[in-house]
Amino acid sequence: MSAPDTAVGAGTGAEDQERDEERGTTAAEWTADDDWTDEALALLRALRAPHRRNRAKQVAFALYCTVLILLVWGGVPSLGLFLQASMGADYTGYGPGLLAGLPGGAAAAGLAVLLLAVRDGLWRGPVVPPRATTDWLLAHPVRPRPVLRPWFWLSCGLALLPGLVAALGGMVALGLTVRTGLPAALAWCLVGGACLPLLGVCAGLLVQRDPRAARWARRLSPYASALVVAFAVQSALAVAGHPVPWLERVELWSGPWGWAGIAALAPTPAAVPGGPLAAALLVVPTVLGLVLADRAVATVSLTLLRERARTAAGVLAALRTVELRAARLAVSGASGDGGRWQVRLPAPRRPRLVLYWRDTLSLLRTPARLGRAALLAVPALLCAVPAQDARGPLSWAVTGLALLFGYQALAQLLEPARIETDDVRRASWSPYPFAGLMLRHAVVPTALGLLLGTAGAVAALALGGGTAAWLAPLAVPPLVAAGLVNACRGAARRDLLYRSPQPSGGSTGVLMFTAWYAAGPAVAVPLLALPLSAALRGGTAAGLLQAAAFGLLLAAALLQWARLRAAALPARARRT
């Protein structure tokens, strides 16, 4: 290979010229005598040897802790279950439900893995070297492939870890509930557990380096998210005793996300014909994709690498300083999720309606938030179904999970309130005190949440649900009030991380910060789960009225709390 070819790596024509221009030189000016890539990398390895040794120790310690946690929380309990099974304990009663939900559940999990990898490619990607590498090393006449390849394969290795853990979990579940041989179960589960994450890394690299692929990823992400929810709903219905065999067959053969389910079902009594073919369809494209991705690593634009390195560094800095909202906004901005629809609404004639008009217009112009609210409402309704049949603490826990999903759905509608508290100076246009302004920001989310909850209740009634379905809209006011409490928390209280109220005990700073950060849902969800779980089990009108009355009282208390928090924000902003 000639010096110009080795300098620019893979790619020809316009791509070569673009990369040459980025490096401040042209292929004709770059001769073999100018290629010092190997020497530069060897020098850097020698200079960074102490740092690499320290980093290796840190990585080894992190791996040791991870393996220890997996053994303590996963391996030992699994071994105990197998010992109990060997002494006569029967877990096969869970087998039919597991096999019924596996087609839709595997498809949902597999598609979610690919979607997360693609979304990662929109803002970071599998090839993101440190800023020093992009700003200094790659700006010199060095071959990019030897510099970038290790970062790609590091991403592949990190992606494999959760896949291996999922395969081990599938082996344990199939071995206990279906009495499948452990080697066969592990081998078939590894097909999907290993191939899907690696395919996701390859897809993420394609999205990272190709603007057209990135545009398609942004366009298709909402539909893929809806499909994940649809797969999960179908899986829940199958577990509940309402399978749709032809739909399951379509899901399993619809793509790589379904082929992993076919492979996992292969050693079980519910095996689908074509298991070896599905495994081959996963393994062959994965190997081919890794080969092509390894060659395409060098074609990533240097300008893009610089942008991604800066974004990743900014997000990491925000996480280290516990600025979670700043990190979330940075990821959203880099992913290109800030697109807005040019929706117009007639301006109100009454001044007191201007705020509600602004909030409604803001949400309509960001349809992604409305879509996420609708999607998150689906698992909230699904989690409420098993809470009707559960008893005791299990019913309370499942109801709490449903409320947590509902809170996350309604929190998407409170973005105008959060924007107001990001900088209290924005409220200078308002004739209301800041606390009163924040309370008015709860009106539109509550109205939209009631519409969403009513639609969910009607859908549940159409599917045969009881009167307990009307608990969905009844839970909206307290959950919106809890979201408003969180929206009014102000700047991050990092000082809480270093406080310990126990002189002789260990530090409780993390717990205190978590309690401050999630104060609204931490109070609303447990308190609201008690009456709602009782109303779900009873299904009577009296239970609904009691739950509604308690919800309104809780909403009033939370709104008062949010008002007190909001009233303190302007003075706190002036002090800082």
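Reader: Let's start with glutamate 415: buried or exposed?
Author: Buried, at 9% relative accessibility. Keep in mind that this is a predicted model.

Reader: OK, take arginine 418 and glutamate 415. What's the N to O distance there?
Author: 3.1 Å. The two sit three residues apart in helix α18, so about one helical turn separates them. Arginine 418 is buried as well, with a relative accessible area of 15%.

Reader: And where do glutamate 415 and arginine 325 lie?
Author: Their side chains meet in a salt bridge at 2.8 Å, N to O. Glutamate 415 lies in helix α18 (residues 415-422) and arginine 325 in helix α14 (residues 324-335), so this pair ties together parts 90 residues apart in sequence. Both residues are buried.

Reader: How many salt bridges turn up in the whole structure?
Author: Nine. One of them pairs aspartate 294 with arginine 145, with the closest N and O atoms 2.4 Å apart. Aspartate 294 is in helix α12 (residues 275-296) and arginine 145 in helix α7 (residues 144-177), so the link spans 149 residues of sequence. Aspartate 294 is buried at 9% relative accessibility, while arginine 145 is partly exposed at 30%.

Reader: Switching topic: how many residues are in the largest nonpolar core?
Author: It has 48 residues, and Leu403, Leu471 and Leu484 have the most contacts inside it. Helices supplying at least two residues each include α16 (367-389), α17 (393-411) and α25 (541-575).

Reader: What does leucine 403 touch, leaving aside neighbours within four places in sequence?
Author: Ala475, Leu479, Val525, Leu528, Ala529 and Leu532. There's also a second, separate core of 34 residues, with Tyr91, Leu174, Val178 and Ile262 among them.

Reader: Which residues make the nonpolar surface patch?
Author: Phe61, Tyr64, Val67, Leu68, Ile69, Leu71, Val72 and Trp73, covering about 910 Å². Leucine 68 is in helix α4 (residues 49-86) and is partly exposed, at 39% relative accessibility.

Reader: What about glutamine 208, buried or exposed?
Author: Buried, with a relative accessible area of 2%. Glutamine 208 lies in helix α8 (residues 182-209). Beyond neighbours within four places in sequence, its contacts include Gly121, Arg124, Val300 and Arg308.

Conventions. Residues are numbered from 1 along each chain as its sequence is written. This is a predicted model: local features need pLDDT of at least 70, side-chain atom pairs count only at pLDDT 80 or more; totals for chains, interfaces and linings use all residues. Side-chain values use heavy atoms; hydrogens and water are left out. A nonpolar core is a set of buried Ala, Val, Leu, Ile, Met, Phe, Trp, Tyr and Cys residues joined through side-chain atoms within 4.5 Å. Buried means under 20% relative accessible area, exposed over 50%, partly exposed in between (1.4 Å probe, protein chains only). Helices (H or I, at least four residues) and strands (E, at least two) are DSSP runs, numbered from the N terminus. Contact means heavy atoms within 4.5 Å. Patches are made of residues with over 30% relative accessible area and no salt bridge: like charges are joined within 9 Å, nonpolar side chains (Val, Leu, Ile, Met, Phe, Trp, Tyr) within 5 Å. Accessible areas come from the Shrake-Rupley method with a 1.4 Å probe; for residues, only the protein chains shown count as cover. A salt bridge is a side-chain nitrogen of Lys or Arg within 4 Å of a carboxyl oxygen of Asp or Glu.
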